[in-house]
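I opened my notebook for a look through this one, entry by entry. Here is what I looked up, in the order I went.

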Amino acid sequence: MLVNELKKSFLISLWFMFLTFPIMVIRVNTVENIIQWRWANLFFVGIGSFVLSALWRYLIRRKEQGIKKTEVDGVARVTLSQRLLRERRFTIPALIVIAIVALAFPFVFSLYQTNIMITALIYVLLGLGLNIVVGVAGLLDLGYAAFYLVGAYSYALLNYHFGFGFWTVLGLGAGMAALFGIILGFPVLRLRGDYLAIVTLGFGEIIRLIMENWNEFSFGPSGIANIPRPGFFGVEMNFEQVTVYVYFLMIALSLFTIFVVNRLQNSRIGRAWIALREDEVACQAMGIDKRKTKLMAFALGATWAGFAGVVFAAKTTFINPASFTLWESINILCVVVLGGMGSIVGVIVGAFILILLPEYLRFLSEYRILAFGTVLVLMMVFRPGGIVETVRRTYQYEEADH
Amino acid sequence: MDMEPILDVKQLTMDFGGLRALDSVDLDVSQGEIVALIGPNGAGKTTFFNCITGIYDPTGGDIMITAPKNGRTQRINGIKPNLVTEKGLARTFQNIRLFQNMTVLENVMIGCHCRMKAGILGAVLRGISTRREEEAVIQKSYSILKKIGLEKYVNEFAKNLPYGAQRRLEIARAMATEPFMLLLDEPAAGMNPQETRELDELIVKICETEGISILLIEHDMKLVMSLSDRIFVMDYGKKIAQGTPAEIRKNPAVIKAYLGEEIDA
């Protein structure tokens with residue numbers, strides 16, 4: 001068995017050596033008109049692909065055995081992350097540590113680090129919002145950045161034209177985003193799966209392209225500059241203080257989001273979303289208004305993107321449509337999928353990994369996106385449920401009073 | 001028996017393009033009755049159910065319901081499935097459509113959805129009324145599960161239930177919507193004789209103790225004959241017979257539909 005597996009890996013490495021031969025071995029030196037044969041590279045490719053392939057096969061086998069084992073036992077395997085989340089003994093100290101780190105962070109680390117943290121927290125907000133739509137209600141939305149854009153432009157434009165302050169627009173921007181969520185929701189009520197993904201993708205691009213081309217309204221690709229940072233009862237603050245202030249603002253906003261999203265998930269509405277994801281027809285037959293439930297998911301999901309957008313505009317003080325491309329939507333979707341669809345802790349972990357990893361992988365320079373892509377592919381193969389697989393708190397019935 | 005029908009379907013017609021799946025079908029169910037709808041495969045029974053429960057919008061005819069609670073008669077052609085359920089007609093599906101990744105209790109709680117009120121604000125603030133409602137729903141769901149005999153599975157995921165229990169859970173979920181009438185689409189499909197016998201008892205119990213009338217599609221003739229007060233027979237989208245089990249057993253049109261032309265020898 002082992003020999004067989006190794007033989008397969010060996011053949012794969014041969015195949016790889018053959019495939020990469022032209023680019024890895026032959027090098028044409030056009031200056032001196034000679035061909036260099038780099039045989040050493042062939043050797044490295046062979047060894048590398050052999051090791052990787054063997055490792056790959058080993059991990060796949062292990063995973064399959066794990067699945068087989070669960071089938072035989074009949075009990076769902078509780079992963080380490082799920083166990084940790086359930087243990088109060090573990091969660092309470094962990095929360096305390098996280099709280100201390102979060103409070104001390106801007107005073108211990110540099111301004112640059114704090115800024116990265118703010119970005120990560122913005123993605124926590126975005127991820128949690130999209131999680132309602134994709135993770136809980138099961139509606140694949142590829143145009144989520146559009147709502148983010150709506151939030152950011154709400155602040156920029158309302159401030160530019162009418163001089164509205166940050167705090168006023170924080171609510172208004174979220175409201176605008178929710179409104180756009182409903183506007184998108186109406187035409188896609190009947191769609192699901194791939195079709196829904198395509199339409200939402202189109203919607204996201206439409207919004208961005210309007211902003212890019214409607215110069216009179218949005219100042220086109222040149223964007224809007226000099227957006228004021230958030231104020232605090234008119235107190236004058238220097239750049240450093242403002243950054244720390246925004247950081248704590250984001251912490252507060254994140255906590256608020258976690259609180260609300262958690263409550264929503266464990267409510268009548270949250271149950272309806274999950275039922276909608278499980279089976280649309282049965283859901284309707286059980287008396288759930290599909291229209292209302294879907295629109296609510298879109299609107300509530302978009303609300304958080306609106307909040308995040310307003311903060312983003314205030315933080316960077318400059319926005320243009322290039323910040324809200326399809327890539328942005330996909331990035332947010334990655335946060336949700338990588339972290340674990342439907343799991344709040346998962347999405348938060350996912351946001352931090354997805355934003356912080358590329359930042360701290362900068363020493364890999366141009367290879368970092370490659371490394372990042374590899375990590376994503378490996379994740380999807382070996383942990384398709386995300387880093388923290390959904391530990392949805394199910395309703396339990398304990399017979400106590402009978 | 002009350003003579004006023006609670007479900008009165010007149011001349012129901014459903015066309016899919018050029019195909020007439022239902023051709024002027026009449027059917028009525030009275031309060032407290034168990035009515036069976038039978039017919040060979042492809043006769044249009046499930047289409048009939050889908051028309052009544054709002055999944056299809058029928059091309060012609062009338063579907064009238066009279067809720068026993070207030071005695072008001074309404075025409076429910078083409079209204080949305082969730083509204084049909086709200087008005088008191090709940091259904092189960094031929095191919096089981098449970099919410100697989102939810103627990104048994106949660107499945108039943110979903111059934112309670114349309115009788116609950118909590119909105120977004122209620123969910124976020126979780127005030128006293130919301131909490132009370134949630135608690136009441138859990139208790140109600142559990143008591144329904146107890147009636148159906150599924151209480152031992154209460155915290156299991158629906159997908160892990162044995163087949164017969166999944167079929168019963170569908171019934172429990174439908175009952176949670178507080179219907180005055182249950183529409184069961186082949187409730188005994190795939191069940192073994194023991195499970196079928198239990199189902200028979202269960203349906204009679206639901207009808208008698210809960211006062212819920214029942215319309216069911218079924219292929220198991222033994223079950224249909226023992227259970228039903230009246231039987232309607234369909235073939236090729238048309239109603240070919242109606243009557244008591246004894247009458248249907250002897251009806252030549254029914255025998256022909258089931259066994260073919262040359263049986264009369």
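**Entry 1: helix 8 of chain A**

I started with helix 8 of chain A, residues 193-213: its 21 residues reach 31 Å from the first C-alpha to the last, close to the 30 Å expected at 1.5 Å a residue. I kept in mind that this is a predicted model.

Next I listed the buried residues of helix 8 of chain A, and got Leu196(A), Ala197(A), Thr200(A), Phe203(A), Gly204(A), Ile207(A), Arg208(A) and Met211(A). They lie on the same side of helix 8 of chain A, because they cover an arc of only 125 degrees around the axis. The spacing made sense to me: an α-helix has 3.6 residues a turn, so residues three or four places apart point the same way.

Then I turned to the other side of helix 8 of chain A, where Asp194(A), Tyr195(A), Ile198(A) and Asn213(A) are exposed.

What covers the buried residues of helix 8 of chain A? I found that the cover includes helix 6 (145-162), helix 7 (166-185), helix 9 (215-218) and helix 13 (290-316) of chain A.

**Entry 2: helix 7 of chain A**

Helix 7 of chain A was my next stop. I read off 20 residues and a reach of 28 Å between first and last C-alpha, close to the 28 Å expected at 1.5 Å a residue.

My list of buried residues for helix 7 of chain A reads Phe166(A), Val169(A), Leu170(A), Gly173(A), Ala174(A), Ala177(A), Ala178(A), Gly181(A), Leu184(A) and Gly185(A). I looked up their packing too: these residues pack against helix 6, helix 8, helix 10 (239-265) and helix 13 of chain A.

**Entry 3: a buried glutamate**

I looked up Glu280(A), which is found in helix 12 (residues 280-285) of chain A. Is Glu280(A) buried or exposed? I noted a relative accessible area of 9%, and since buried means under 20%, Glu280(A) is buried.

For its contacts I left aside neighbours within four places in sequence, and found Glu280(A) in contact with Arg192(A), Lys290(A) and Lys294(A).

**Entry 4: where chain B meets chain A**

I moved on to the interface. There, 41 residues of chain B are in contact with 35 residues of chain A. I noted a buried area of about 3500 Å² between chain B and chain A, with carbon and sulfur atoms giving 59% of this area.

How many salt bridges does the rule find across the interface of chain B and chain A? It finds 2. One that I looked up joins Arg271(A) and Glu134(B), with the closest N and O atoms 3.2 Å apart. I also recorded 11 residue pairs in polar contact between chain B and chain A, both residues being at pLDDT 80 or more.

On the side of chain B that touches chain A, the elements giving two or more residues are helix 2 (81-87), helix 3 (104-111), helix 4 (120-125), helix 5 (128-148) and helix 6 (163-175) of chain B.

**Entry 5: salt bridges**

My search of the whole structure gave 22 salt bridges over all chains. I then picked out pairs within chain B.

Asp23(B) forms a salt bridge with Lys238(B), the closest N and O atoms being 3.4 Å apart. This pair links distant parts of the chain, 215 residues apart: Asp23(B) is in strand 2 (residues 19-30) and Lys238(B) in strand 10 (residues 238-243) of chain B. I found Lys238(B) partly exposed, at a relative accessible area of 44%.

Glu178(B) and Lys140(B) meet in a salt bridge at 2.7 Å, N to O. Here 38 residues separate the partners: Glu178(B) is in the loop between helix 6 and strand 7 (181-185) of chain B, and Lys140(B) is in helix 5 of chain B. I noted both as partly exposed, Glu178(B) at 43% and Lys140(B) at 22%.

Lys147(B) forms a salt bridge with Glu210(B), with 3.5 Å between the closest N and O atoms. Lys147(B) sits in helix 5 and Glu210(B) in helix 7 (residues 193-210) of chain B, 63 residues apart. Lys147(B) is partly exposed at 32%, and Glu210(B) is partly exposed at 32%.

Key. Residues numbered from 1 in each chain as written. Chains lettered and ligands numbered in written order. Predicted model: local features only at pLDDT ≥ 70, side-chain atom pairs only at ≥ 80, totals over all residues. Heavy atoms only, no water. Helix = DSSP H or I, 4+ residues; strand = E, 2+ residues; numbered from the N terminus. Expected span 1.5 Å × (residues − 1). Buried < 20%, exposed > 50% of the residue type's maximum accessible area, 1.4 Å probe, protein only. Arc of directions from axis to C-beta. Contact = heavy atoms within 4.5 Å. Buried area = accessible area lost by both parts, 1.4 Å probe. Salt bridge = Lys/Arg side-chain N within 4 Å of Asp/Glu carboxyl O. Polar contact = N/O pair within 3.5 Å; in protein donor to acceptor, adjacent residues only side chain to side chain.
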